[in-house]
Amino acid sequence: MKETNLDFDEYIERRNTDCLKYDFAVRRGKPADVLPLWVADMDFRAPSTVLTKIKERVDHGIFGYTEPRDDYYNTVIDWFKRHHDLTVERSQIFTTPGIVYAIALAIRAFSKEGEAVLIQQPVYYPFSELVRDNNRKLVSNDLYLGKDGKYHIDFEDFEKKIKENHVKLFVLCSPHNPVGRVWNYEELERIIDICYENQVIIFSDEIHCDFTFSNNKHISLYNVNEKAKEIGIVATSPAKTFNLAGLQISNIFVANNDLRYKLRKEKAASGYSQPNTIGATACVAAYKYGEEWYEALLDYLDANLEFVRNYLEENLPQVKLIEPEGTYLIWLDFRELNLCVKDLEDLIVNKAKLWLDSGEIFGKIGEGFQRINIATNRAILKEALERIRKAVKELE
């Protein structure tokens, strides 16, 4: 099948499509005319090869309950073997409508109300929301920004927090959203060792695993050691890689039989069974036929990152890029402007007319930062940076 959707500069109007990113600014407390670069979906058309398979399924005209067949599992297994050298068995995979849903299952399956769940802020904000909404104790091993410009794990604090709070579950973001770290082998090994020694289950959210920059390589939790397979869960999805989030399909890998049984039981208790029919079709098509589109996308995102890097250096030296090793969500440091949270938000929303994700929603340690989604066409990205430049200039 020949791929035709390779023009990532194409402007595609998303307004008036019930689009969360574009259509609900006022409802979310933003001016109607903001340019949105917040939520983590892309402004690119999905691969034409995927759309063709979806259309074929639609043309069949019946959307009954769907149970994935061998081809589904074999295709998922093949993608992760080819791209991440990760070997997964069919029996270890089960589907969920999303990774956030799967985290909620894990929280309920492996902890009781009042017990502690550990995260690493600043981190994807649904992590903390899920912990609190399920009446668990939220504990954060905050990442710290080193002199090398990268975020790091304070392992002494990590172990101390686990022991003092009797943590039951650790939710790892790998690659990390929003700080862009791709955790190396040594870091992952130390995480696993500490959790193994303290009987802590690790839920590794690897939804951004297909996006790395420069010479960085994503290492799946399961590729570190056998301990990881005893205490770990690896969550994956084609949603970010191929811009399929609305189709709600994720694949959760659980090597340990007992952990998988408990998760399946919690999934059944939630009332969810078969996956979305179109989501399952899209997953197979993406992993089987989407390679050309994916490779072109990586090149475009790399060029977008270079554009942001150069623009900030030349036009906005007050705003620092936290150099990402992975993901297409970029963490920008505005602290040199010396603005409080309220004033920084006013600068971005009301003066620059942008809708980004304000840093403090990722945890208090995120104050002074903003997350921007660069998975958009370059003209929009340039416009966003121009708006920030003009707004900052007005502060002078």
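Predicted model: local features only at pLDDT ≥ 70, side-chain atom pairs only at ≥ 80, totals over all residues.

**Exercise 1. Overall form**

Task: Determine how the radius of gyration of the protein chain agrees with that of a compact globule.

Solution: 
- Step 1. The protein chain has 396 residues, for which a compact globule would have a radius of gyration near 21 Å.
- Step 2. The chain has 21 Å, so the value agrees with the globule rule.
- Step 3. The C-alpha trace spans about 60 × 55 × 40 Å along its principal axes.
- Step 4. The secondary structure consists of 14 helices and 15 strands.

**Exercise 2. Burial and contacts**

Task: State what percentage of the residues counts as buried, and what share of the contacts is made by residues 24 or more positions apart.

Solution: 
- Step 1. With buried taken as under 20% relative accessible area, 58% of the 396 residues qualify.
- Step 2. Among contacts with a separation of 6 or more, 74% are between residues 24 or more positions apart.

**Exercise 3. The largest pocket**

Task: Give the volume of the largest pocket and describe its lining.

Solution: 
- Step 1. The volume is about 1,300 Å³.
- Step 2. The lining has 43 residues, and those closest to the pocket centre are Asp41, Leu244, Ala245, Gly246 and Leu247.
- Step 3. Sorted by class, the lining holds 24 nonpolar, 9 polar and 10 charged residues.
- Step 4. Elements with at least two lining residues each are α1 (20-23), α4 (99-110) and α9 (239-242); the largest share, 3 residues, is that of α4.

**Exercise 4. The second largest pocket**

Task: Find which element gives the largest share of the lining of the second largest pocket.

Solution: 
- Step 1. This pocket holds about 360 Å³ of space.
- Step 2. Its lining counts 16 residues, with Arg69, Asp71, Ala280, Thr281 and Val284 nearest the centre.
- Step 3. Two or more of the lining residues come from each of α2 (48-60), α3 (70-84) and α11 (277-289).
- Step 4. The largest share belongs to α11, with 7 residues.
- Step 5. The classes are 7 nonpolar, 3 polar and 6 charged.

**Exercise 5. The cavity**

Task: How many cavities of 30 Å³ or more are there, and which residues line the largest cavity?

Solution: 
- Step 1. The count is 1 cavity, and the largest cavity has a volume of about 50 Å³.
- Step 2. Its lining is made of Tyr11, Ile12, Glu13, Arg14, Arg15, Tyr22, Asp43, Asn377 and Ile380.
- Step 3. That lining divides into 4 nonpolar, 1 polar and 4 charged residues.

Key: Residues numbered from 1 in each chain as written. Heavy atoms only, no water. 1 Å grid on protein atoms, 1.4 Å probe; cavity = no way out; pocket = protein on both sides within 12 Å on 5 of 7 lines; lining within 4 Å. Points joined across faces, edges and corners; volume = space filled by probe spheres on them. Nonpolar A, V, L, I, M, F, W, Y, C, P; charged D, E, K, R; others polar. Helix = DSSP H or I, 4+ residues; strand = E, 2+ residues; numbered from the N terminus. Rg over C-alpha atoms; globule rule 2.2 N^0.38 Å. Buried < 20%, exposed > 50% of the residue type's maximum accessible area, 1.4 Å probe, protein only. Contact = heavy atoms within 4.5 Å.
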